[in-house]
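This briefing covers a ligand site, the domains around it and a set of annotated positions.

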Amino acid sequence: MERSSSTMDEEECFKVAVVGGGLAGLSAAEVLSSSTIFRKEDVVVLEASSSLGGRIQSVSGLAPWPVEIGPEFLHGTQNSSIKKLVDEMGCVQRELNFPDYYYIGHEGRLLTSEQASEHADIEMVHDLFKALIDEDSTPEDMSMAEYLRKKGVSSTVMSFAEAIYGNDFGCSLDKLGVHECIQEAHQWIYGDTYIILDRPLSSVVNHVARNLNIRLDWAVKQVEHLEGGNFRLRSQDGRTLRADFVILAVPVTTLQQSLITFHPPLPEGKLRAAKAIGMSNVMKVVMAFTHQFWPKGLFDVVCSDCFLPEVWMTEYPEAPSAADSNGDEGCKNPGPLGQYIVVGFIAGDGASRAAQLSEEEIFLQSLTQLDRMFGKSDHSFALGSSVWRQPAKAEAFNATSTVSGRVFLKDDVLDPSALTYLAESPETRPASHCFRGGMIVNWADRHFIRGGYSHPSVNARGARLELAKPVGNIFFAGEATHPGVNPCLQAAIDTGRRAAHEVWGTCRRSSL
Ligand SMILES: Cc1cc2nc3c(=O)[nH]c(=O)nc-3n(C[C@H](O)[C@H](O)[C@H](O)COP(=O)(O)OP(=O)(O)OC[C@H]3O[C@@H](n4cnc5c(N)ncnc54)[C@H](O)[C@@H]3O)c2cc1C
């Protein structure tokens, strides 16, 4: 093995290069850097973008608190590495019920979960999913859309299933694979509780990264296996370094789209496995309001037949919490637009369709939906009402236009004449009335991510295990390599730690 952090022909040499500074890569580097066989300087994390965290990102300026534009919740409290980590960090945690309301778009009705349990179509969706998981004999693999069609469900039931399950899984029903859905349900060991933290998830990232050797803006373009047995990694801008071991902790889209090339190429089976695992688009529409216009206690609404299939309301702590005093970046009050935040969550085909619209049109559709859900009915406004700025033609925008990550103010979105109209219509248009601005985040357009998260996919049996298998001294981590079809934060941590132990095991074997 070569000496670490040394230079050879002016090339730095490390024992391990971890590619990707999301939670998976950082967890891998944390295990290795604190092990008995590596020192901090032996392990380098190469992150393509200019910040750590990957899909964990928050923005300031919308609310009195950084708003998460990626993950927001801890899914489950049992057997969970992320839960253990935030407990160790002393984070205050709040439990949430999900979903606690349903909105039936075509009927214009808002139902509590108790009322929903008496709604035949909603109950049928839950029963069909439960029966699929509990069935003794697994059906042949197919998409959930096909499975439900075979069960003869109505278009209304299909549309509930799309909003309740498809959107949550991060894809459309025609991409959701029944075998991996069953596998996920059987291997889900974390429980059903949703947790939200008193501080941004970037605090967890910073905590894991606190003692690591990190290079930002280091986008790996090529991994070359050299004759001496080690690897040369080349960045997009031509820098190089060497390492004895490589851990790839990048999103599965990076392999699917061959954004990193390998010499010699990775085995065909590895690429087939990567391509078998679906990762659809996910879009978040974050909106800031000056007032709460929804019933007290309402947290989350799953909406069928609507532009936004799910919305949730976030109330941020009024007093600064521990995170502020810890001096975490982005936690200072930046002068919020509103105290009340509503997040619209769109996945799969809905997100891809929305990405073709202008930002104005996306806000228009979202606010009109919220007005209908929570305002007194007023038949005088229709979708696309002329009080809004005339949206530019959809085809004038390509997908990139919706990911500017820019904060839009009300005036950017509204025609001046609309302001007078809305001032007079707080009851019928409660959301538009107190809307102050927002942000649209289209994850397919995040250059180094290119999608939301991996979802149960058709004909993907065994693909995650195959993706996770080492190729020589190249090891694989990241949520899509979790065998439990689990695209969550704990999967990122667990796969990173697993890859670190594989490197460690290989090192120990070679030194015996
Ligand atoms: C909108 C959204 C909402 C979500 N909600 C939740 C939630 O509520 N709860 C939950 O548990 N999970 C949620 N998730 C999933 C969760 O975010 C992921 O499971 C987790 O963050 C994945 O971590 P990772 O390290 O595997 O990948 P990533 O976080 O994607 O990290 C990969 C890193 O690799 C870097 N990279 C890519 N290419 C290169 C290259 N060539 N060279 C160097 N670096 C490179 C990327 O920049 C990135 O930093 C959500 C995801 C999204 C997008």
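The notes below go from the ligand shell to the domains and then to the annotated residues. This is a predicted model, in which local features need pLDDT of at least 70, side-chain atom pairs count only at pLDDT 80 or more, and totals for chains, interfaces and linings use all residues. Residues are numbered from 1 along each chain as its sequence is written.

**Ligand shell**
- Gly20, Gly22, Gly54, Pro71 and Cys488 come nearest among the 41 residues around the ligand (near: C-beta atom, placed from the backbone, within 6 Å).
- Helix 1 (23-33), strand 17 (282-289) and helix 18 (489-511) each give two or more residues to this shell (DSSP runs numbered from the N terminus: helices H or I, at least four residues; strands E, at least two).
- Domain 1 (6-54 + 201-277 + 457-511) and domain 2 (58-100 + 281-445) both contribute to the shell, so the ligand lies between them (bounds from an automatic or database domain assignment).

**Domain contact**
- Eleven residues of domain 1 are in contact with 15 residues of domain 2 (contact: C-beta atoms, placed from the backbone, within 7 Å).
- On the domain 1 side, helix 8 (202-209) and helix 18 each give two or more residues, and helix 8 has the largest share, five residues.

**Annotated positions**
- An unreviewed UniProt entry lists Glu47, Ala48 and Val220 under "binding site"; such annotations may be inferred rather than shown by experiment.
- These residues span 174 residues in sequence, yet no two of their C-alpha atoms are more than 8.1 Å apart, so they gather at one spot.
- Ala48 lies in the loop between strand 3 (43-46) and strand 4 (58-59), and Val220 lies in strand 12 (residues 220-225).

Methods
Contact = placed C-beta atoms within 7 Å.
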